[in-house]
Amino acid sequence: MDQYPYLTLINSIVPAILTGNAVIVKPSPQTPAIIEQVAHHFYQAGLPTNVLQYFHSGSPATIESLIRSPAINHICFTGSVAGGLGVQRAAAERVVGVGLELGGNDAAYVRPDVDLRWAAEEVIDGAIFNSGQSCCAIERVYVHESVYDGFIAAVRDVLAGYIVGDPFDEKTQIGPVISKRAREAILAHVQDAVAKGARDETPANATFENMPPAGNFVKPTLLTGVTHDMAVMREETFGPIIPVAKVKDDEEAIRLINDSDLGLTASVWSKDMAKAEELAGEIEAGTVFVNRSDFPAPVGMLKKVRVGANNELGSCMDGLEKFGARGYAVEVWIRSVHEAQELPSEELP
Amino acid sequence: MFNVDLNIRSCTYIIFIIILYMYLINEWKLCDKAICLPLTVRYRQELLSSHQPIYIPTAIYETTENPNMAEVLTTISPITNAPIHQRDAASPSHLAACASAAQAAFRTFSRTVTLAQRKEIVTKFADGLEAHKEALGREITEQMGRPVRYTPVEVATGARRARYLASLVDKVIEDTPGEPEEGFRRFVKKEPIGVVLVLFPWNVGFQRRTRTALDGTLIVDLWTSIPT
């Protein structure tokens with residue numbers, strides 16, 4: 001999903017150009033001007049004619065005609081599982097490499113030894129930044145029963161201070177979701193959860209109750225008492241929803257985290273680094289974070305240690321390494337809790 | 001204490017005036033008049049005038065269902081639900097021409113532009129993005145609804161990633177030595193593969209499609225079938 005248009009475009013285009021390839025881009029129809037800006041700045045920088053081209057289309061038949069063209073030597077797709085399978089099917093008629101970046105249903109596990117207020121702030125940010133529209137957003141939260149009540153209280157306290165509203169207002173933290181249809185799908189997940197016994201424990205917040213009427217606003221929503229019978233826990237909600245489940249121990253947390261057919265990222269929140277790293281190894285996800293979650297927000301990349309066989313920008317390195325097939329390397333990011341609290345707010349991922 | 005306070009105030013005013021001046025200079029450079037067009041329009045004017053190689057399809061869209069309809073992609077604002085952008089969709093014949101042009105460009109680019117030159121292009125590209133991060137950030141906000149306090153950061157992060165990738169590329173594409181054997185020099189050489197097609201959809205159904213039949217009838221419907 002193209003929720004960070006500059007970052008996703010750069011991840012795909014820059015490695016290809018650095019390694020001497022030509023690129024044709026079909027951007028998201030929601031952000032048609034971004035590729036125009038990217039191309040403009042590339043040509044201003046001296047890129048030769050036609051090395052970067054783009055087109056606009058919403059027709060699968062038209063796009064498939066290009067996928068089938070022998071003049072295309074490699075295909076990168078970013079989007080849903082269904083969309084990725086469609087691209088793969090169209091490409092299957094000939095010998096051509098296909099790279100797919102698809103969705104996630106990313107879990108966070110909060111262990112008993114964390115600073116609850118800090119963990120609540122971080123987990124909320126990971127779940128609802130960009131209105132939860134990130135493939136790496138936290139989609140479900142598991143909390144150890146011994147700190148569950150304290151964590152919920154901290155989440156309510158933090159959420160009470162959030163500002164939803166006009167995204168052109170510098171104070172606003174949460175804007176609308178991308179479309180009416182996206183809003184309806186998110187609210188359907190909430191309704192399904194509540195109908196099956198979940199509780200909406202979102203705190204009172206004046207900005208949540210006075211959202212601009214014209215846009216597709218969804219209030220950040222804290223759901224408790226959630227189970228894996230609910231769509232909000234099994235599917236990618238892609239909205240500002242924070243469903244929290246209570247677990248009795250590490251084993252139950254890992255079992256529930258792994259009870260998913262999507263394994264993009266996950267996060268473990270703990271001061272016990274050795275234990276957290278051990279649990280990270282048991283989680284079935286391509287990237288596991290300790291004491292952070294991934295989103296292109298003002299959160300630092302300092303003070304963390306990466307362990308594992310992959311690189312910081314896995315998909316980019318794919319590109320740099322001849323757009324070859326990526327292995328199943330697992331990526332683990334670890335950040336010390338104490339140091340993390342000193343991160344400068346303007347540091348970028 | 002009074003003087004210090006006064007000096008700080010004076011500096012603040014001077015800085016403010018400098019910023020305002022730089023802003024206005026910047027705006028004047030980008031468009032003909034001080035009263036600016038919306039950002040995207042302004043950039044597109046610059047885009048069209050500065051070079052022609054970018055492919056901007058304008059042809060009638062041909063579908064197997066009805067070849068007589070022009071397809072226009074309309075972007076709806078998540079903030080107001082009003083249309084904010086329109087683009088003509090590419091036809092299959094334009095895409096075929098686009099792919100041929102890309103193949104020709106690839107052959108020249110990969111042979112004649114050195115790695116050092118490619119790195120320089122990427123670095124200049126990153127500098128260009130960063131220099132315009134505020135304006136580009138506001139465009140993201142307009143099209144996606146993400147608050148403007150965060151969107152220039154994405155542009156700056158993108159520039160940083162581009163520079164980071166440029167710093168990695170030498171190591172990644174250098175030759176890999178093979179098993180030594182007397183009388184041989186073995187190595188694996190990494191070469192570009194050609195034309196890369198990059199596809200970015202968003203979720204299903206966010207977008208209205210307007211189609212105009214030849215008799216002038218406007219048909220508006222929701223996407224239900226685009227890959228997501």
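Modeller: Chain A and chain B bury about 10000 Å² between them, with 67% of that on carbon and sulfur atoms. This is a predicted model, where local features need pLDDT of at least 70, side-chain atom pairs count only at pLDDT 80 or more, and totals for chains, interfaces and linings use all residues. Residues are numbered from 1 along each chain as its sequence is written, chains are lettered from A and ligands numbered from 1 in the order in which they are written, and side-chain values use heavy atoms, leaving out hydrogens and water.

Colleague: What makes an area "buried"?
Modeller: Buried area is the accessible area (1.4 Å probe) that two parts lose on being put together, summed over both. Leu18(A), Gln30(A) and Phe168(A) supply 7% of what chain A buries against chain B, more than any other three residues.

Colleague: How many residues of each chain are in contact?
Modeller: 109 of chain A with 104 of chain B, where contact means heavy atoms within 4.5 Å.

Colleague: Why is the pairing of Arg87(B) and Glu36(A) called a salt bridge?
Modeller: The term needs a side-chain nitrogen of Lys or Arg within 4 Å of a carboxyl oxygen of Asp or Glu. Here the N to O distance is 2.6 Å, so the pair qualifies. The count between chain A and chain B is one salt bridge.

Colleague: Why is H1(A) called roughly parallel to H6(B)?
Modeller: They pack at an angle of about 20°, with axes 9 Å apart. Angles under 35 degrees count as roughly parallel (over 145 is roughly antiparallel, 65 to 115 roughly perpendicular, the rest oblique), so that is the label here. Axes are lines fitted to C-alpha atoms, for helices over the stretch in contact, and angles run from 0 to 180 degrees between N-to-C directions.

Colleague: Which classes of residue make up that contact of H1(A) with H6(B)?
Modeller: 13 nonpolar, three polar and two charged. Ala, Val, Leu, Ile, Met, Phe, Trp, Tyr, Cys and Pro count as nonpolar, Asp, Glu, Lys and Arg as charged, and the others, Gly among them, as polar.

Colleague: And what makes H1(A) oblique to H2(A)?
Modeller: The axes of H1 (residues 5–18) and H2 (residues 32–44) of chain A come within 11 Å and cross at roughly 40°. That angle falls in the rest, so H1(A) is oblique to H2(A). Their contact has ten nonpolar, one polar and no charged residues.

Colleague: Why is H4(B) called roughly antiparallel to H6(B)?
Modeller: Their axes come within 8 Å and cross at roughly 170°, so H4(B) is roughly antiparallel to H6(B).

How values were computed: Helices (H or I, at least four residues) and strands (E, at least two) are DSSP runs, numbered from the N terminus.
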